[in-house]
Amino acid sequence: MPTPPEDRELSPYTGWTRTHWERTADDLLLAVRPYASPRKGLIDLPGPRPSRSGVRSDGLEGYARTFLLAALRAAHGDDPHGHLDRYAEGLAAGTERPGGTGPEDWPRMADTRQAVVESASVALALRLTRTRLWDRLDDRVRQRAVDWLLPALAPSPVDNNWWLFGLTVAGFLQDAGIETDRAAATVERSLDRVESWYLGDGWYSDGDNRAFDHYNPWALHFYPVLHAHLAGDRNLLDRYGPRLRAQLDDHVHLFDGNGAPVPYGRSLTYRFAAAAAPWLGALTGHTPLSPGATRRLASGTLRYFLDRGATDATGLLTLGWHGPYEPVLQSYSGPGSPYWASKGFLGLLLPAGHPAWTAPEEPLPAERADTVRPLGPTGLLVQTTAADGLVRLHNHGSNHVGSGAAQDGNGEDDPGYARYAYSTRTGPTTAPDPADNHFALLRPDGTPTTRGPAIPLGTGPDRAVSAHRPLPGVRVLSATLAHGRAEVRAHLVLGAPEGTPVRQTGWATHTDGPVSQLHPVHGYRPGTAELPTGATLQGPGPTRTPALHGTTSGPEALFVALASITAEHDPAPVADLARVRITGTRTLTVTWRDGTAAELALCADPGVDRPPG
């Protein structure tokens, strides 16, 4: 199909309109059709490997996640390619003999936990198309589908955002008038569990650990707010809508001027699912974003990935970031997993005349002004520069739910969570390459310590502070001060043996990418080394990662460096951006190039706002 013409008057930043979104949805749905089973119950997509749940679960995932896309595409009755009829046929086939071994049979939730996840996409798609699909199904098919869905109403087998899958199934059943009392109990139980993870300012932890990542917008806000909206439940919407608004006030700062979301955390292969929450804000009215800014963000993100090879030559979404890239995958990732990006098409629920489709695009925050701001209680600090639209995220408090394995220097760090900084134009590097944006003590054999869980010590308007224990008996207090494109990175090493080598690394970059700068200020030897590193999610290797080296002296050893990542042409050296004066064993004063100054004290109570929890 021919590509629709761009409209640079309506959309001066991306050129895209609603027509482009509809065409893209159709293209994605048409591309998966050759991989459907004969009666369309499973969609077995090709890929480098199956998920840990196996190929049958992966086939269900391919069906369920693209069914959600079909439901969004056809939300207003426009279904020129007959997508819904195919998924109705697949629903009948998949639920005919669940748990069987035939070419159409869906796995049961009792046997395959991943089926709980996919039940939410099936149920949400049915809810969105109830009058056009569900109400027209044969009674026997509807009963079989209900029988398959009902186990999702049980308590979640995984204690994190999975609670919201049962909520989503329950919402559909309530709408359809099926098992309403049981469904209502599931809604209440699920929301109660997730409530215990809400830490304020629009941020949830994804479980009992401090796991802050893209699951906040595309899951922890997405499901409760959308359920409240679809149910017309004003009380729920009054509770969860303002939280979404607060989340979006931060979320919008995580998008580069080129459309890229910051790649941090897990499940990055869902790519433009990051656009789901801004659309949800427009749908419900709970958003700080103007209609034009909402579409500019969403269209910019969708174009960013499609323009960089997110789909292969046959139009299938690949397992990766730009193109295929295995290090961003998890064991639960299978060939159908990338189609959770379907959530990013939530804007198609808005009618064509909605201001989000008709208002002129407006610039993103990263394009308007330099910004440094902490993100609620997370320990994350975002830093953006208008000159290049680049976004950096400094991490002093977000941990992966399994990061405790790296405590006290044992185990491996998760590169999606353990780095001190992430950006929209860089890494992270992955093993066996040296870790970028990392501070480590070096063991006698030269191997670096891991960071493990970051213990947040607080944030301020221009800073974030944390601690970690790289080795038994050794503690490191770390801080980032940010201004413009400049970063001051300070680390206080407590209790390390005299003469322990340390290493600070900077941003890993490609030769045709942004400029990475790292300059020693205090505690390091003069000069900056360059470590050869390989591929990152930005593209194949080689990359280069700057590094500083030093050794500890005394029971408290302070190390300070200046760092920068910029896409500016011929940037000034980072040493010209700030003057740092060490005023004590644990204190320093920074005078930025524009004359403003900041003081920093590295201690257990650094005089900044403590996050709760």
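Me: Where should I start with a predicted model, and what is the average pLDDT here?
Reply: Start with confidence. Where pLDDT is low, the predicted coordinates should not be read in detail. In this protein the average pLDDT is 95, and 97% of the residues score at least 70.

Me: Thanks! How many helices and strands are there, and what is the radius of gyration?
Reply: The protein has 13 helices and 19 strands. Its radius of gyration is 25 Å, close to the 25 Å that the globule rule gives for 613 residues, so the protein is as compact as a globular protein of that length. Along the principal axes, the C-alpha atoms fill a box of roughly 75 × 55 × 45 Å. Buried residues make up 62% of the 613 residues. Of the contacts with a separation of 6 or more, 69% join residues 24 or more positions apart.

Me: Now the rings, please. How many aromatic pairs does a search of the whole structure find?
Reply: The general idea is that a pair of aromatic rings is described by the distance of the centres and the angle of the planes. The search finds 26 aromatic pairs here. Take Tyr 63 and Phe 67: their ring centres are 5.6 Å apart and their planes lie at 50 degrees, so this pair is tilted. Both belong to helix H2 (residues 55-73), and because they are four residues apart, about one helical turn separates them. Tyr 63 is buried at 0% relative accessible area, and Phe 67 is buried at 0% as well.

Me: Which parts does the pair of Phe 272 and Phe 345 tie together?
Reply: Begin with the geometry: the centres are 5.9 Å apart and the planes at 75 degrees, so Phe 272 and Phe 345 are edge-to-face. Phe 272 is in the loop between helices H9 (234-251) and H10 (276-284), while Phe 345 is in the loop between H11 (291-306) and H12 (355-358), so the pair ties together parts 73 residues apart in sequence. Phe 272 is buried, at 1% relative accessible area, and Phe 345 is buried at 0%. Both are in one aromatic cluster, with members including Trp 21, Trp 279 and Trp 357.

Conventions: Residues numbered from 1 in each chain as written. Predicted model: local features only at pLDDT ≥ 70, side-chain atom pairs only at ≥ 80, totals over all residues. Heavy atoms only, no water. pLDDT = per-residue confidence, 0-100. Phe/Tyr/Trp six-rings, centres within 6.5 Å; stacked < 30°, edge-to-face > 60°. Helix = DSSP H or I, 4+ residues; strand = E, 2+ residues; numbered from the N terminus. Buried < 20%, exposed > 50% of the residue type's maximum accessible area, 1.4 Å probe, protein only. Rg over C-alpha atoms; globule rule 2.2 N^0.38 Å. Contact = heavy atoms within 4.5 Å.
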